[in-house]
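Here are a few notes to read alongside the model. Have it open as you go through the points.

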Amino acid sequence: MLGGEYGIFVAAVVLVVALADWHSLHVNFFNWSVAKGLFPDIITVGLRNTVIYTVTGFALGLVGGLLLALMRLSSVLPYRWFAMAYIEVFRGLPALLIFIFVGTGIPLAFPGTELPGGVYGQAAAALGLVSAAYMAETIRAGLEAVPPGQAEAARSLGMSRFRAMRTIVVPQAFRVVIPPLTNELVLLFKDSSLALFIGVSLTQRELTKFGRDLASQQGNTTPILVAGLCYLLITIPLGYLARRLEARQKRGRR
Amino acid sequence: MSAIEIRGLRKTFGTLEVLSGIDLDVESGEVVCVIGPSGSGKSTLLRCVNLLEEPSGGTVTVDGVELTDPDVDIDAARRRIGMVFQSFNLFPHLTVLGNVTVAQRKVLKRDKAEAERVARANLERVGLADKVDSYPEKLSGGQQQRVAIARALAMDPRVMLFDEPTSALDPELVGDVLGVMRGLADEGMTMVVVTHEMSFAREVADRVVFMDGGVVVEQGAPDRVIANPEHERTRTFLARVLDPAAARVGEVDG
C-alpha cells in the first residue's frame, strides 16, 4: 500500500525533472545576476519599509485594541456599543478597502489634509485601524481570563478602578495574549504589502512593491521570489516563536 | 464611636434578598466572629463593609466615614479596611515582596525603601520573612493566605475583614493562619471574621454573631452563643458544625 504511494511520488518527480525547461526556469525565477542586483536595496529600502509599516501599524493597533477591549467591558453602555460596532465593521471589511479608503478616500474628502508622516502615517493608520479590531477581541479575552478576585483584591487595597486595571489586571491579561498577538504581528507583516495601494514613492516602497517594480523593470520573476524569501525570513521565526510561547504557557498553567 | 456601625443594611440580588436589615456595631479593638450556614448572607455582609458589594439600603460607617454616602472617596476609605479573601487572591505576576509593596507604592505613595521595610516587617509578623522573592504559585495555601494578611496589614488598616480565611486550606495548614490571626487579635486589631472554625471563635472572639436567612439571629459572648444558644436555629446549626456526623436526615433542611 505504502509502496504504491511512493511509486506515484517517484513517477511525479521523474516526470517533472524530465519535462521541466530547466534553463527557462533558472533564467526567469532564479536568475543569480538579477538577484544580486537587488541587494542591498531590497533590504535597506524594501524590508526596512515593511518593518516600519508593520511596527507602527502594530503599535497603533495595540493601543486602539486595548482601548476598544476596555470599552467593550465597560459598564457604560455607549462605550460598549461603540466598541462592538467598531469591531464588527472593521473585521467585516477587506483590509485592501481600508488602505484604499485611507490612501485615496480621505485625501479626496478632505483636500489638503495630510496625516502626520505622510505615506508612513497613512500606512500605519490603515494597518492600525484594521488590527485594532482583531486585537481588541484578543485582549478582551485576555482581560476576561483574569479572575475577578484579582480586581477585588486590588480595590480592597484602596486602588482606583483605573489603577487596579493598569497595575494588576492588564499585566496579567497581556501574559495570556502575547502568543496570539505575535500571530497578529505575523499577519500584519504580510498585510503591510497593501501599502502599495496608497501610492508610495521610490524610497517608500516596501518588499512587495519593490519586488513587483523590479520584476516588471527587468522582465524577470526573480525579484518577486527574493521578496518572498525576505518575508519568510521574518514570518517563519516569528510564527515559531508564537508557538513556543503558547506551548510554554500551556505548560505553565498545567 | 464604634469602629464599624451598620444600620438597617439590606442587599438584594435581583429579586433575592440576601441581607434583610442588619444592625451591627463593632467596637475598636473588638474581635467579632460571624457564623452561620452557607447562604445566610455572612460573606455578603462582610463584602458590604468595604463596598465590594453595593448595599441596596441602609448605612455602613467605618472609622467615622460613612461609606454609603454617595460622595465618599471610596478608594481612600478602603485603605483603612484590610480584607482577606477565602481564595487568597494574591497577584500571581508579582513576587511576595511585590504583592506586599504594590499598593503601598501606588496608593500610599511610599518610596521603595520605606515600602520594602514595611513589607519585610509584616512578612516577619506572619512568619514568612524568608519568602520575599518567591512567586505565589511556589507557596502552600497557608503561606499564600499569610502573605495576603501581610499585604493587607502593610496598608496600616484600622479594621481587618476576614472572609472564610481558612475554608480553602488543607486541614493541616489551617493552624498557621489562625495562629497569625490570634496574634493580631492579641495586638488589639479590630477584626470581623466570617468563619466555620468554632474553636477559633470560642477562644479568640470577643463576640459571636449568628446569622441565618439574611438576619442576625443572635449574638453575644462566644461561651454563651456557642455553648448555650437561645435560638433553635442556632442550636441546629451548631450541632451540625460541631459534630457533622451526628446530623439526622430529618434535621437537614436542604
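1. A quick word on terms: a contact here means heavy atoms within 4.5 Å. Also keep in mind that this is a predicted model.

2. Start with A:Thr222, which sits in helix H11 of chain A, a helix covering residues 222-253. Leaving aside residues up to four places away in sequence, A:Thr222 touches A:Val27, A:Asn28, A:Phe29, A:Phe30, A:Asn31, A:Val34 and A:Ala35. Its relative accessibility is 2%, so A:Thr222 counts as buried, the cut-off being under 20%.

3. Now the largest pocket, which holds about 1,200 Å³ of space. It is lined by 38 residues, and A:Ser75, A:Ala151, A:Arg155, A:Arg161 and A:Met165 are the closest to its centre. By class, the lining has 24 nonpolar, nine charged and five polar residues.

4. Who builds that lining? H9(A) gives the largest share, seven residues. Elements supplying at least two residues each include H4, H7 and H8 of chain A, plus strand S4 (57-62) and helix H2 (74-79) of chain B.

5. Over in chain B, an unreviewed UniProt entry places the feature "domain: ABC transporter" at residues 4-238. That span is 37% helix and 26% strand, and its end C-alpha atoms lie 26 Å apart.

6. Last, look at helix H1 of chain B (residues 42-49), where seven of the eight residues are buried. Among them are B:Lys42, B:Arg47 and B:Cys48. Just after H1(B), B:Leu51 has a positive phi of about 60°.

Definitions and conventions:
Residues are numbered from 1 along each chain as its sequence is written. Chains are lettered from A and ligands numbered from 1 in the order in which they are written. This is a predicted model: local features need pLDDT of at least 70, side-chain atom pairs count only at pLDDT 80 or more; totals for chains, interfaces and linings use all residues. Side-chain values use heavy atoms; hydrogens and water are left out. Helices (H or I, at least four residues) and strands (E, at least two) are DSSP runs, numbered from the N terminus. Buried means under 20% relative accessible area, exposed over 50%, partly exposed in between (1.4 Å probe, protein chains only). UniProt positions are given in the numbering used here, feature names are shortened, and annotations may be inferred rather than shown by experiment. On a 1 Å grid over the protein atoms alone, a cavity is a set of points where a 1.4 Å probe fits but cannot get out, and a pocket is an open set with protein on both sides within 12 Å along at least five of seven lines; lining residues have an atom within 4 Å of a point. Grid points are joined across faces, edges and corners, and a volume is the space filled by probe spheres set on the points. Ala, Val, Leu, Ile, Met, Phe, Trp, Tyr, Cys and Pro count as nonpolar, Asp, Glu, Lys and Arg as charged, and the others, Gly among them, as polar.
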